[in-house]
Amino acid sequence: MSKMSRSENQARFRSYISKLARTFVGPVAEPIVIALSERRETTEEWLIKRTGLKLSVIRKVLYELFDVGIVRYRREKEPDTGWFTYYWSLDYENLANVVLRRKKLVLEKLKARLEYEKQNMFFACPNHPEKRYTFDEAYDHSFKCPECDSVLENQDNSMIIRFIEDLMKKIESESQPTTISIDDP
């Protein structure tokens, strides 16, 4: 197996970190994390020059990335003005934990959905199959569609249950701790 070059490794990491930022914060975060990956730490002013984004947008995104755990900062007080300068950087040590925490949250939600699917019987209108009703809801409507008055039909949710179970297994198998490494930019 051939070893990746430093530039290939960095390109792969930038792709990974931009997808991660887009997932957690949105597409506006991508140019910011890519710029952050180019330096050990930097200021908001440099990010403005590098990305062309407004200061208010950069600050908002940086704080959102900080809340998620993708970036960190340190601040220094300017002796002349008393103002603080913030130095931002990617939090390389925490990136794997960010992904694991998100996967655990997704697994919790899938587990709750799986229990809901297993514990309920569902009914749907043949004319409006996108809307499902639990047994209690269908009973409240006398097993008639509230939109068109058609008879609600029992809906088999075994495929949904199987899909959720398979998805949970896939996520669990990918949830083992991993190490993210990249040569220093």
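User: Is Arg113 buried, exposed or partly exposed?
Analyst: In this predicted model, Arg113 has a relative accessibility of 39%. That counts as partly exposed, because the class covers values between 20% and 50%.

User: Where is Arg113 found?
Analyst: Arg113 is in helix 5.

User: And what does it touch?
Analyst: Leaving out residues up to four places away in sequence, Arg113 touches Arg132 and Ile164. As for Ile161, its C-alpha is 8.9 Å from that of Arg113, although the two residues are 48 apart in sequence.

User: How many residues does helix 5 have?
Analyst: Helix 5 has 25 residues. From its first C-alpha to its last it reaches 37 Å, close to the 36 Å expected at 1.5 Å a residue.

User: Which residues of helix 5 are buried?
Analyst: Among them are Leu100, Lys103, Leu107, Leu110, Leu114 and Glu117.

User: Why would residues a few places apart point the same way?
Analyst: An α-helix has 3.6 residues a turn, so residues three or four places apart point the same way.

User: What do the buried ones pack against?
Analyst: The buried residues of helix 5 pack against helix 1, helix 4, strand 3, strand 4 and helix 7.

User: Different spot. Asp91: buried or exposed?
Analyst: Asp91 is buried, because its relative accessible area is 13% and the cut-off for buried is under 20%. Asp91 sits in the loop between strand 2 and helix 5.

User: Which residues does Asp91 touch?
Analyst: Gly69, Ile70, Val71 and Arg72, not counting residues up to four places away in sequence.

User: Ile70 again. Which residues touch the most other members of the largest nonpolar core?
Analyst: Ile70 is one of them, along with Ile17, Ile32, Leu36, Leu47, Leu65 and Leu90. That core has 25 residues. Helices 1, 2, 3, 4 and 5 and strand 2 each supply at least two of its residues.

User: What other core lies apart from it?
Analyst: Another core, of seven residues, lies apart from the largest one, and its members include Leu107, Ile161, Met168 and Ile171.

User: Back to Leu65. What does it touch?
Analyst: Leu65 touches Ala21, Val25, Ala29, Ile32, Val33, Ile70 and Val71, again not counting residues up to four places away in sequence.

User: Now the whole chain. How many helices and strands?
Analyst: The protein chain has seven helices and five strands. Along the sequence they follow the pattern α-α-α-α-β-β-α-β-β-α-β-α.

User: What is its radius of gyration?
Analyst: The protein chain has 24 Å, whereas a compact globule of 185 residues would be near 16 Å. The C-alpha trace spans about 75 × 50 × 25 Å along its principal axes.

User: What share of the residues counts as buried?
Analyst: Of the 185 residues, 36% count as buried.

Terms used. Residues are numbered from 1 along each chain as its sequence is written. This is a predicted model: local features need pLDDT of at least 70, side-chain atom pairs count only at pLDDT 80 or more; totals for chains, interfaces and linings use all residues. Side-chain values use heavy atoms; hydrogens and water are left out. A nonpolar core is a set of buried Ala, Val, Leu, Ile, Met, Phe, Trp, Tyr and Cys residues joined through side-chain atoms within 4.5 Å. Buried means under 20% relative accessible area, exposed over 50%, partly exposed in between (1.4 Å probe, protein chains only). Helices (H or I, at least four residues) and strands (E, at least two) are DSSP runs, numbered from the N terminus. Contact means heavy atoms within 4.5 Å. The expected span of a helix is 1.5 Å times one less than its number of residues. The radius of gyration is taken over C-alpha atoms; the globule rule is 2.2 Å times the number of residues to the power 0.38.
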